[in-house]
Amino acid sequence: MSVPLSAYLVFALLLFCIGLYGALTKRNTVIVLICIELMLNAVNVNLVAFSKYGVNPGITGQLFSLFTITVAAAEVAVGLAILIALYRNRKTIHIDEVDTMKR
Amino acid sequence: MSGQYLAFFVLALIALGGGIFMLNLNKVVHMVVALVFTFVSIAGIYVLLSAEFVAAVQVLIYSGAITIIMLFGIMLTRHQDDGQSTGSPLRKALALLGTVAFGAVMYIGIRTLDFGTEAVGLHENNTEQIGIALYSKYVIPFELTSVLLLVALIGAVILAKKDDKEEGE
């Protein structure tokens with residue numbers, strides 16, 4: 001008897017909730033970015049779990065998770081570039097001080 | 001097979017512990033190091049799910065590249081008070097409430113989900129299977145991914161480079 005599908009899904013759900021809470025409450029933009037990475041990782045766990053225990057098990061879920069990892073890497077590169085441009089212009093990386101569009 | 005259960009519980013415990021430490025630590029570098037534990041444990045979970053190639057990619061990209069690029073981002077910006085003093089406690093409580101509500105609703109949905117199917121042979125020649133599927137059925141998304149990576153590379157360079165005109169003024 002192997003580990004059931006729901007155990008993997010609950011594990012991914014807990015990871016996603018940790019990432020969501022961190023992304024909503026942290027003040028440092030680097031940490032917010034890395035929390036988003038954690039949420040994407042939870043989605044990848046779901047994809048790989050469904051590729052083994054889903055309705056139509058096969059290799060496709062693993063391929064989808066590879067594509068997600070690629071897009072996440074591109075996203076983190078662009079996000080960090082935006083962060084450095086922001087730091088150069090505003091001298092802050094605190095997410096509550098970036099409120100030009102609210103004023 | 002109790003060995004699989006044991007491995008799953010140990011890996012899940014390390015991963016969730018890394019996440020909890022990330023939420024509660026004070027220094028930004030410590031948070032990133034706590035998340036490395038999470039990423040490596042998720043690679044172990046992938047091995048349990050017979051996805052060895054994805055596990056190797058996870059170790060290379062997440063615990064290698066993304067962690068290093070985050071550490072560069074921390075190095076290049078200044079952290080005087082390390083940002084633990086977040087906004088009002090009301091906002092924090094609301095975020096916690098929303099997250100817990102979301103988690104509870106999703107948990108009710110997936111608690112007993114089981115399709116009763118299990119893939120066989122995913123672990124045999126895993127990389128070969130992925131390569132065959134990638135170059136036959138999914139070749140167009142694969143090529144589009146290369147375009148996306150090129151766009152991200154050029155965009156990141158343009159965004160992060162110094163603006164010479166403003167520098168001269």
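**View 1. Burial and fold of chain B.** Of the 169 residues of chain B, 21% count as buried, where buried is a label for a residue with 20 or more other C-beta atoms within 10 Å of its own, exposed for one with 12 or fewer, and partly exposed for one in between, the C-beta atoms being placed from the backbone. The model is predicted, so local features need pLDDT of at least 70 and side-chain atom pairs count only at pLDDT 80 or more, while totals for chains, interfaces and linings use all residues. Residues are numbered from 1 along each chain as its sequence is written, and chains are lettered from A and ligands numbered from 1 in the order in which they are written. Chain B has seven helices and zero strands; helices (H or I, at least four residues) and strands (E, at least two) are DSSP runs, numbered from the N terminus. Along the sequence the pattern of chain B is α-α-α-α-α-α-α. Residues 24 or more positions apart make up 52% of the contacts in chain B with a separation of 6 or more; two residues are in contact if their C-beta atoms, placed from the backbone, lie within 7 Å.

**View 2. Helices H2 and H3 of chain B.** H2(B) and H3(B) pack with their axes 8 Å apart and at an angle of about 170°. Axes are lines fitted to C-alpha atoms, for helices over the stretch in contact, and angles run from 0 to 180 degrees between N-to-C directions. The two helices H2(B) and H3(B) are therefore roughly antiparallel to each other; angles over 145 degrees count as roughly antiparallel, under 35 as roughly parallel, 65 to 115 as roughly perpendicular and the rest as oblique. Residues of H2(B) in this contact include Val32(B), Phe39(B) and Tyr46(B), and those of H3(B) include Gln58(B), Tyr62(B) and Met70(B). By class, the contact of H2(B) with H3(B) has 17 nonpolar, three polar and one charged residues. Ala, Val, Leu, Ile, Met, Phe, Trp, Tyr, Cys and Pro count as nonpolar, Asp, Glu, Lys and Arg as charged, and the others, Gly among them, as polar.

**View 3. Two loop residues of chain B.** Ser50(B) is in the loop between H2 and H3 of chain B. Ser50(B) has a positive phi of about 50° although it is not a glycine. Is Ser50(B) buried or exposed? Ser50(B) is buried, with 20 other C-beta atoms within 10 Å. Asn125(B) lies in the loop between H4 and H5 of chain B and has a positive phi of about 50°, although it is not a glycine. Asn125(B) counts as exposed, with 11 C-beta neighbours inside 10 Å.

**View 4. The side of chain B that touches chain A.** In this interface 70 residues of chain B are in contact with 63 residues of chain A. The largest share of the side of chain B that touches chain A comes from H3(B), with eleven residues. The residues of this side of chain B divide into 50 nonpolar, 16 polar and four charged.

View 5. Chain A has three helices and zero strands. The C-alpha trace of chain A spans about 55 × 25 × 20 Å along its principal axes. Of the 103 residues of chain A, 52% count as buried. In helix H2 (residues 29–53) of chain A, 21 of the 25 residues are buried.
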